[in-house]
Amino acid sequence: EAPLQEPSKSRAGDAFCSHSSGRVVMITYEPRKWGIFSMVWLHGSVFPKAALVAFPSALLAVLVHFAASEWDFKLAESNDVTAGVVGGYSFILGFLINTRASRAYSRWWEGGTLLQQLRGEWFNAFSSLLAFTASSP
């Protein structure tokens with residue numbers, strides 16, 4: 001196991017990750033070309049943990065699809081109650097995701113607006129400082 005570094009000795013591009021043991025370990029990110037492959041880096045990524053959940057679910061969906069097409073049975077018909085339940089569930093889920101994304105976007109926009117306001121306040125303060133400390137009028 002690599003020795004742990006103190007948080008005060010960090011460099012630009014470093015991030016800290018807490019483990020279940022309560023210790024903080026350093027994840028050093030190398031400057032790379034950002035592309036599609038940046039999603040599947042294993043070091044410091046959540047991809048392996050997400051794959052543990054996603055791959056079995058995807059495999060089950062593929063098996064059910066092939067079993068349904070091989071043995072000619074339908075899981076839900078258009079006049080079945082199941083189709084209505086799935087439609088209602090899909091509508092509610094879509095509504096909740098849309099509401100959450102809209103709220104997140106408005107918070108992001110508000111944060112950007114506040115940062116611009118802060119920049120303006122600092123600019124005004126520095127301009128006033130220069131104006132009042134100038135030796136010549």
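Rings of Phe, Tyr and Trp (its six-membered ring) pair if their centres lie within 6.5 Å; planes under 30 degrees apart count as stacked, over 60 as edge-to-face and the rest as tilted. With that in hand, welcome to a predicted model that holds three aromatic pairs. Residues are numbered from 1 along each chain as its sequence is written, and side-chain values use heavy atoms, with hydrogens and water left out. Local features need pLDDT of at least 70 and side-chain atom pairs count only at pLDDT 80 or more, while totals for chains, interfaces and linings use all residues.

- Tyr 105 and Trp 108 are stacked, because their ring centres are 5.9 Å apart and their planes are at 25°.
- Tyr 105 also stacks with Trp 109, with centres 6.3 Å apart and planes at 25°.
- About one helical turn separates Tyr 105 from Trp 108, because they are three residues apart in helix 2; Tyr 105 and Trp 109 are four residues apart in that helix, again about one turn.
- Ring pairs join Tyr 105, Trp 108 and Trp 109 into a cluster.
- Trp 108 counts as exposed at 56% relative accessibility, and so does Trp 109 at 51% (buried means under 20% relative accessible area, exposed over 50%, partly exposed in between, with a 1.4 Å probe and protein chains only).

**Overall fold**

- The chain has two helices and two strands, in the order β-β-α-α along the sequence (DSSP runs numbered from the N terminus: helices are H or I with at least four residues, strands E with at least two).
- Of its 137 residues, 5% count as buried.
- Among contacts (heavy atoms within 4.5 Å) between residues at least 6 apart in sequence, 0% join residues at least 24 apart.

**Surface**

- The chain exposes about 12,700 Å², of which carbon and sulfur atoms supply 66% (Shrake-Rupley method, 1.4 Å probe; for residues, only the protein chains shown count as cover).

**Confidence**

- Mean pLDDT (the predictor's confidence in each residue, from 0 to 100) is 78 for the chain, and 64% of residues reach 70 or more.
- Among the elements, helix 2 has the highest mean pLDDT (93) and strand 1 (residues 14-18) the lowest (52).
- Over residues 4-14, pLDDT stays under 50.
- Where pLDDT is low, the predicted coordinates should not be read in detail.
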